[in-house]
There are 2 protein chains.
Amino acid sequence: MATDTPDAYDDLLAAYRRVANVRSASGILSWDQQVMMPDDGTPARSQQLSTLSSLSHELLVDDAVADALEELDGADLTDEQAAVVREIQRKHERAVAVPADLIEEISETASEALPTWKQAKAEDDFEAFAPALRKHVELKREYAEHVDPDRDPYEVLFEEFEPCLSLERAEAILADLRETLVPMIEKIRTSEVDLATDAFTSLGAYPADEQESLCRDVLSALGYPWERGRLDTAPHPFSSGTTFDARVTTRFDESDPLGSLLSTVHEFGHATYTLGLPDDAYGTPLGEDRDLSVHESQSRLWENHVGRSQAFWESFLPTFVEQFPQAADVTPREAYEAANQVYEDNLVRVEADELTYHLHILVRFEIERDLISGDLDVAEVPAVWNDKYEEYLGIRPETDTEGCLQDIHWSHGNFGYFPTYSLGSAMAAQLYAAADAEIDDLDGDVAAGEFDALHEWLTEHVHRHGARYETNELVERATGEPFTADAFVDYVTEKYGALYDLDSV
Amino acid sequence: MATDTPDAYDDLLAAYRRVANVRSASGILSWDQQVMMPDDGTPARSQQLSTLSSLSHELLVDDAVADALEELDGADLTDEQAAVVREIQRKHERAVAVPADLIEEISETASEALPTWKQAKAEDDFEAFAPALRKHVELKREYAEHVDPDRDPYEVLFEEFEPCLSLERAEAILADLRETLVPMIEKIRTSEVDLATDAFTSLGAYPADEQESLCRDVLSALGYPWERGRLDTAPHPFSSGTTFDARVTTRFDESDPLGSLLSTVHEFGHATYTLGLPDDAYGTPLGEDRDLSVHESQSRLWENHVGRSQAFWESFLPTFVEQFPQAADVTPREAYEAANQVYEDNLVRVEADELTYHLHILVRFEIERDLISGDLDVAEVPAVWNDKYEEYLGIRPETDTEGCLQDIHWSHGNFGYFPTYSLGSAMAAQLYAAADAEIDDLDGDVAAGEFDALHEWLTEHVHRHGARYETNELVERATGEPFTADAFVDYVTEKYGALYDLDSV
């Protein structure tokens, strides 16, 4: 273990902090753009964000970083320092590998593709979007070639979002999900159980103002520290910020109070990860989230394992009824059923339930992997999409609007992002099972509206480490097991087996 | 006139746009900090702003700027291009002249001085603040020495805020204000006229929510384009933004509806200048405000010449009464009187009226000028302050809290800022008189709630030019006369002569 910190290490941190500060400044500008900015503010905002984006790139490839890294090569470092160097080195090398003009071309292609995609989706016109998608595929293959010409380009792209979780492990997890979920959903289709799916939706309207008030209640109940956050509305809910200021957003559907409520709980999970990062490591890799799968594990843990549990509704239903007296006769069991219905004919990913969701992801993952490998041509996407929906979900989109044009991700040129959603769910199940095994009576805590022990467990085992460990090591240290789909499979088998009485099907 | 734009000119603009974008990004972060940020967000925000601040400095002194400027020296440029080069050159030279570590020391001194000043003000303890003020004075003298060792250092500091309005002209204007206002205020003291000063304040409380609604009404009435702006509350009202997104803030005192209303009109004036800058020059000096005096002229024109006019109350009072029916019996004349009372015993600048305000400024101007010249020691500030208040305003502060500790500016190390407030008022009067002479029936327009002609005049003669002309040239082109205090003297002599029947005093 090192006794003296090398000067080069301090130099590296100082240089990296500038990158981190420019990025978190961009985060505020993006939040503002989605939540506060007046309609006509876009021209200035685009330029501000573009300047900050190229500055953060320039600061990352700067000689100050390169020189410090070179000097630290082989230096005597503590484990933590070595982790910091590893993380900065990875980002630096990737940034150096890709020419700035390619980055710019990808960014411009994305700017142009976004309105093209919007219009194509509105007009059910995949042909109109195809050239932009083709260009993105070509540019991203080129990008991957620059990073590493000897590896599967999809793997390289996946690492943008999951820098240290192997694609092999990700594929194994996704394969397990498919193997479990396709037959389980088929069984649910034939189940005769009648869940109280309209327990809330049959009770009239839920005004947005009152839903917002309820969302504040649920955030307070879960322990959201308002002195470090805020709740606002946004067209597409998200969370963003730093450990000092992690904000959440939601949106409202007046016919469905569970949508905004569970989406708020989801974003709370993201925020609580950010808030759990160590204050004193702000601006360094030890104060940064590990990656998208870990982030998503936190949002899904709170949304699914807490917010969709019967225990949660035992504690929270009175608060709900106080806001919406029309629900006075709903029981915790009915609320639980309403929050866990499996949709048999839903084509839209963002409206999917906890089970079918992953089949939506699988379709996208398989298609984008084949697009990048060259095994699939862009023109074939709609047909392949529809075939896969029929195969996995037993339903077939009638239009591309509700089919392969539904998501924004490919218009951004993001390939390798979709799988992180499912990986997050699998990780959430594994972490929750481990927390449940270690906390005296976690279910009882949730039923009593008591979340301190869970917060402590997550902070201790996940949040406080930042990017100290690589993904699998983080999970293994937290749960004692390598990261697999096993806990998720156990969780859904037990939960949905009981809900839909699948043993009798 | 040039036929081809030199490449170096495009390079200069491209380099400068990055500076402008970083600065406007900082503006959003500051707005967010004052309006939206949760309480504990400061540690990250300070670091983000500090990084952006040093980046904008580095970009401004960068070789890309220096090389382009050198190449353009003597180049064949259009008048507009020459103005752009002049503005960027001035900023570049000043940034290069001052060592980065001095900038940083000033910034750190300000960070430390702020809480010191707050506490000193709370505890009426000037001694506690004196060392910080002394350090600021020393650092700013050093700063001025770097910029130009041969000139009056106060003049150099004044140019931070007024880069192209000579201190000589400013001093002449301030002297005229003093000469007119000191005797005028003394006369008002002895006037026996009884204005309807409590026309609104005698009518009970004005809830903040309804005041906010009224502020939205006044913004709409004046023509604020909501698609390019928003209204929020902030502890210290301000406006900020770009031509695409210029926001205003206000605050509420439930006993006094005129405070938030006129403060909103003031910030509207600032915003309308920003909004009138040409869209296509965003990020260049042609799309930037000229300086603080011009900015303040726009806020004061709308606040004083419109918002405090009897004509305005003829059109706006019904809207006011709709929001606050308790004011149903107030007449436009009474509203006009209430909005224009001269306070005889007010010691606080930010609560001053249109006349005494400038004497508050004169005290500060004279003191800070002598501090920087070395003619006044920091220890003498309280006594000199109190003497000057007695001399100019006939009142003497009993504590430094309500005396020389009342303003935040010196804790920031800002010397040369205060005079721009008065200069703005003088310029507002000169511009309004010129607009009044050119617009068919401006008073009738205001009385009819019709502001298009005034907006057009201001955009045509002031806003659209950005920093194209130096300050005095801008005023001279707009009004046909050099910038003086004459119009202001005429305006207050007529207005307050009539209000207080001063001929009979």
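In strand β3 of chain B, the residue that B:Thr233 meets as its bridge partner is B:Thr250, where helices (H or I, at least four residues) and strands (E, at least two) are DSSP runs numbered from the N terminus. The structure is a predicted model, in which local features need a pLDDT of at least 70, side-chain atom pairs count only at pLDDT 80 or more, and totals for chains, interfaces and linings use all residues. Residues are numbered from 1 along each chain as its sequence is written, and chains are lettered from A and ligands numbered from 1 in the order in which they are written.

The bridge at B:Thr233 belongs to the pairing of β1(B) with β3 (residues 245-250) of chain B, which is parallel and extends over three bridges; two strands are taken to pair if DSSP finds at least two bridges between them. Within β3(B), B:Val248 stands opposite B:Leu231. The pairing of β2(B) with β3(B) is antiparallel and rests on four bridges, and B:Ala246 of β3(B) is the bridge partner of B:Gly241. Two residues separate β2(B) from β3(B) in the hairpin that these strands form.

Taken together, the strands of chain B make an open sheet of three strands in the order β1-β3-β2, with mixed pairing. β1 (231-233) and β2 (239-242) of chain B stand at the edges and have a single partner strand each, so one side of each is left without a neighbour in the sheet. From one strand to the next, the twist averages 25 degrees; axes are lines fitted to C-alpha atoms, for helices over the stretch in contact, and angles run from 0 to 180 degrees between N-to-C directions. Helix α10 (residues 257-276) of chain B packs on this sheet, where α10 touches β2 and β3 of chain B, and its direction makes about 165 degrees with that of β3(B); contact between two residues requires that their C-beta atoms, placed from the backbone, lie within 7 Å.

The strand β3(B) is mostly covered, with six of its six residues buried. A residue is classed as buried if 20 or more other C-beta atoms lie within 10 Å of its own, as exposed if 12 or fewer do, and as partly exposed in between, with C-beta atoms placed from the backbone.

β1(A) pairs in the parallel sense with β3 (residues 245-250) of chain A over three bridges, and A:Thr250 in β3(A) is the bridge partner of A:Thr233.

Between the chains, 31 residues of chain A are in contact with 31 residues of chain B. On the side of chain A that touches chain B, the elements giving two or more residues are α1 (7-35) and α2 (42-61) of chain A, and α1(A) supplies the largest share, eight residues. The residues of this side divide into 14 nonpolar, nine polar and eight charged, where Ala, Val, Leu, Ile, Met, Phe, Trp, Tyr, Cys and Pro count as nonpolar, Asp, Glu, Lys and Arg as charged, and the others, Gly among them, as polar.

A:Asp124, which is not a glycine, has a positive phi of about 50 degrees. A:Asp124 lies in the loop between α5 (100-122) and α6 (126-147) of chain A and is partly exposed, with 14 other C-beta atoms within 10 Å.

The model scores ipTM 0.95 and pTM 0.95.
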